[in-house]
Amino acid sequence: MPNYTVTVATGSQWFAGTDDYIYLTLVGSESCSERTLLDKPLYNDFERGAVDSYDISVGEDLGEIELVKIEKKKYWVHDDWYCKYITVKTPYGDYIEFPCFRWLVDDKEVILRDGRARLPQHDKTGVAKQHRRKELEQRQKTYRWKEWHPGFPMSIDAKAHSELPREIQFDSEKGVDFVLNYSKAIENLYINQFMHMFQSSWGDFEDFERIFMRIKNTISEYVMEHWKEDFMFGYQFLNGCNPVVIRKCTEIPDKFPVTQKILEASLERGLTLEEELKEGNIFIADYELLDGVTPNATDPCTIQYLAAPICLLYKNSQNKIMPIAIQLGQTPGEDNPIFLPTDDEHDWLLAKIWVRSSDFHVHQTVTHLLRTHLISEVFGIAMFRQLPAVHPVFKLLLPHIRFTIAINTKAREQLICECGLFDKANGTGGGGHVELVQKSMKNFTYRSLCFPEAIKARGMDSQEELPYYFYRDDGCRVWQAVTSFVTDVVNIYYDNDKTVQEDVEIQAFVKDVCSFGMQDFDYCEFPKTLRTKEQLVEYLTIVIFTASAQHAGVNFGQLFLGMYPDEHFIEKPVKDAMVKFCKNLSEVTKVIKNRNEGKKLPYYYLSPDRIPNSVAV
């Protein structure tokens with residue numbers, strides 16, 4: 001009788017092992033498959049991190065192995081099991097890899113294709129086509145769209161993390177880390193001691209210092225020493241946590257009536273304001289988005305306020321970006337004065353604090369939440385709904401949406417929900433943050449996710465004019481590296497533009513993103529079809545860059561870009577492309593490290609060795 005050797009690898013996650021019975025079915029091209037109980041002693045099998053092999057004899061030659069079915073049956077009580085992969089050695093000495101990397105829950109059957117990626121038009125057998133269709137039918141029942149708030153991108157239909165499909169929930173230790181790290185952060189920052197002050201007035205600057213005194217590193221200490229100074233205020237627009245608001249100013253808006261006379265003390269070159277504008281030395285940060293947003297009113301005993309400031313900035317002769325005028329509201333008038341560096345020290349400082357406060361609200365709610373977390377969730381849900389595991393784009397994107405749906409669901413459950421921490425500690429809590437996202441969505445376009453175009457649209461693309469805009473420089477390097485990698489992968493599977501057009505699954509994916517995820521808003525301009533390989537490369541680059549580099553640039557990292565511990569691809573050309581990608585990223589890391597040498601304010605948020613693969617925190 002033909003002998004097959006089956007190797008089963010169990011994950012290393014907490015509670016990944018199981019004592020349940022595991023049934024294995026090999027589906028071959030030549031005959032009906034043989035159902036075989038793997039009946040080794042249970043206390044030696046399927047333990048956390050274990051790799052076990054089993055010799056199986058079947059009554060006839062199965063031909064080419066097309067599918068492997070895994071089924072878990074209860075021994076005493078059901079416990080989840082995480083299977084990394086299965087390999088099958090045939091009687092002819094061939095090894096076939098079946099990547100799994102998922103949890104088996106209850107007694108549900110999991111069916112695996114071998115690890116070779118295939119486009120839908122390249123599947124020829126009825127078994128393969130049927131498996132592909134059934135997988136997507138089941139996924140579309142499991143991954144359902146839901147509108148969390150009107151005007152938002154759609155999210156997953158789940159009220160709590162526990163309601164999510166098991167395969168996209170946090171690993172056990174990740175869930176524990178979420179709670180522990182949150183508690184640790186609260187403890188380290190003494191936040192508990194100051195929670196009562198979040199909805200009341202702070203006494204003095206020392207209250208802030210007492211919070212941040214425990215964050216000890218070179219950068220934080222330098223910032224604490226210089227945070228009141230204009231050069232630091234300006235620098236943060238370029239390389240702080242929200243480096244996407246500042247734009248070149250070519251014309252002073254009517255709503256901000258600054259004049260040559262008002263500004264002449266700040267203009268160093270002896271040029272008129274009009275001449276400085278033409279020279280490209282004037283920049284602006286406008287927080288119009290906050291105008292009319294409802295301030296936090298969750299505490300009836302406390303009145304809270306929001307500003308919608310406009311800040312004018314000037315590139316001085318040392319190429320430093322310096323604030324030269326601030327108006328805290330959008331409508332000019334006697335009750336809305338323009339603050340200047342020549343004003344009283346504390347008046348000017350307070351104006352800058354209001355700008356920084358507004359920047360915080362836009363950063364947290366728009367730059368971070370909407371434009372990385374929520375949009376990455378849209379891409380992730382559409383991917384699960386429209387791309388089967390055998391599709392090369394599924395394999396490519398999966399590491400970059402890992403835990404994104406889970407972290408967003410936890411955030412909706414605990415953080416930005418009604419009466420959550422956001423309501424207690426944020427000026428836009430209590431519903432203002434919802435209004436802010438809704439307003440932002442009206443200007444949220446697909447093209448704005450294309451990093452080089454977004455930089456150029458703000459007039460910030462010239463390295464000669466702005467030599468110290470490290471967010472731009474490092475982001476462009478990473479964008480190019482990601483584009484090169486995606487191009488290599490796309491070229492492996494798509495011969496020409498026609499192959500893209502005939503890929504019904506990739507077309508369904510982009511349509512689902514636009515028509516359901518982005519609710520078909522006319523102004524969003526997300527594509528509903530992709531016609532060329534070039535368009536596909538750009539689309540996939542946007543998905544990967546947004547979830548990894550852009551999120552890292554406005555947040556912080558853990559699992560790094562270019563590291564793929566779960567081997568969903570088995571083809572050598574793709575593995576070669578990954579090696580090349582890692583090499584390119586290493587070169588970028590080296591350039592950034594050399595530039596940062598000796599700097600008191602090094603910029604490393606977009607250094608590839610610090611960029612997480614996905615929005616997972």
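Ser376 is located in helix H9, which spans residues 345-386. In this predicted model, Ser376 counts as buried because its relative accessibility is 1%, under the 20% cut-off. The structure contains 30 salt bridges, and several of them are described below.

**Surroundings of Ser376**
- Beyond its neighbours within four places in sequence, Ser376 is in contact with Ile401, Thr404, Thr546, Ala547 and Val615.

- Glu377 pairs with Arg412 in a salt bridge whose closest N and O atoms are 2.8 Å apart.
- Because Glu377 belongs to helix H9 and Arg412 to helix H11 (residues 404-415), the pair ties together parts that are 35 residues apart in sequence.
- Glu377 is buried, at a relative accessible area of 0%, and Arg412 is buried as well, at 10%.

- A salt bridge joins Lys72 and Asp20, with 3.0 Å between the closest N and O atoms.
- This pair links distant parts of the chain, 52 residues apart: Lys72 is in strand S5 (residues 65-73), and Asp20 is in the loop between strand S1 (3-10) and strand S2 (21-28).
- Lys72 counts as buried at 0% relative accessibility, and Asp20 counts as buried at 1%.

- Arg133 and Glu137 form a salt bridge through their side chains, at 3.9 Å from N to O.
- The two residues are separated by about one helical turn, because they are four residues apart in helix H1 (residues 126-142).
- Arg133 is partly exposed, with a relative accessible area of 45%; Glu137 is partly exposed at 41%.

**Salt-bridge network**
- A network of salt bridges links Glu64, Asp114, Arg116 and Arg118.

Technical notes:
Residues are numbered from 1 along each chain as its sequence is written. This is a predicted model: local features need pLDDT of at least 70, side-chain atom pairs count only at pLDDT 80 or more; totals for chains, interfaces and linings use all residues. Side-chain values use heavy atoms; hydrogens and water are left out. Buried means under 20% relative accessible area, exposed over 50%, partly exposed in between (1.4 Å probe, protein chains only). Contact means heavy atoms within 4.5 Å. A salt bridge is a side-chain nitrogen of Lys or Arg within 4 Å of a carboxyl oxygen of Asp or Glu.
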